Amino acid sequence: DVVIPAEYEGKPVKEIKKQAFFNCSALTSIVIPDSVILIGDEAFCNCKALTSIVIPDSVTTLGKYVLQTCL
């Protein structure tokens, strides 16, 4: 399970980079904070164990294939 913090080293977490969790076979759930506005291409692609994801309304840009072969 992953909970992404709203801040890292005193700065807001605004995006999840391209392929950040690509092929992470152990990832079962993820919570994204309201500070995130962008989720990059294939960020969670091929995370076959993923059963729960919380994407806040603050996310205005979803990359390509973000959840391909998941859920």
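Me: Is Thr 69 buried, partly exposed or exposed?
Reply: This is a predicted model. Thr 69 has a relative accessible area of 45%. Buried means under 20% and exposed means over 50%. The value lies in between, so Thr 69 is partly exposed.

Me: After which strand does the segment with Thr 69 lie?
Reply: Thr 69 lies in a segment that follows a strand. That strand covers 61-62. It is strand 8.

Me: Which residue's side chain has a polar contact with that of Thr 69?
Reply: Leave aside the neighbours of Thr 69 within four places in sequence. Thr 69 is then in contact with Cys 45, Asn 46, Cys 47 and Lys 48. A polar contact of 3.1 Å joins the side chain of Thr 69 to that of Asn 46.

Me: What distance separates the C-alpha atoms of Thr 69 and Leu 50?
Reply: Along the chain, Thr 69 and Leu 50 are 19 residues apart.

Me: Which cysteine has the sulfur nearest to that of Cys 45, and how far away is it?
Reply: Cys 45 is in no disulfide. Its nearest cysteine sulfur belongs to Cys 70, at 6.3 Å.

Me: Are Cys 45 and Cys 47 buried or exposed?
Reply: Cys 45 has 7% relative accessibility. Cys 47 has 0%. Buried means under 20%. So Cys 45 and Cys 47 both count as buried.

Me: Which residue forms a salt bridge with Glu 15?
Reply: The whole structure holds 1 salt bridge. Glu 15 is partly exposed, at 38% relative accessibility. The closest N and O atoms are 3.4 Å apart, and the partner is Lys 17.

Me: What is the area of the nonpolar surface patch that includes Val 31?
Reply: Val 31 sits in strand 5, residues 29-31. At 35% relative accessibility, Val 31 counts as partly exposed. With Val 3 and Val 54, Val 31 makes a nonpolar surface patch of about 250 Å².

Conventions. Residues numbered from 1 in each chain as written. Predicted model: local features only at pLDDT ≥ 70, side-chain atom pairs only at ≥ 80, totals over all residues. Heavy atoms only, no water. Patch = residues over 30% accessible without salt bridge, like charges linked within 9 Å, V, L, I, M, F, W, Y side chains within 5 Å. Areas by Shrake-Rupley, 256 points an atom, 1.4 Å probe, with all protein chains shown as cover. Salt bridge = Lys/Arg side-chain N within 4 Å of Asp/Glu carboxyl O. Helix = DSSP H or I, 4+ residues; strand = E, 2+ residues; numbered from the N terminus. Buried < 20%, exposed > 50% of the residue type's maximum accessible area, 1.4 Å probe, protein only. Disulfide = S-S within 2.5 Å. Contact = heavy atoms within 4.5 Å. Polar contact = N/O pair within 3.5 Å; in protein donor to acceptor, adjacent residues only side chain to side chain.
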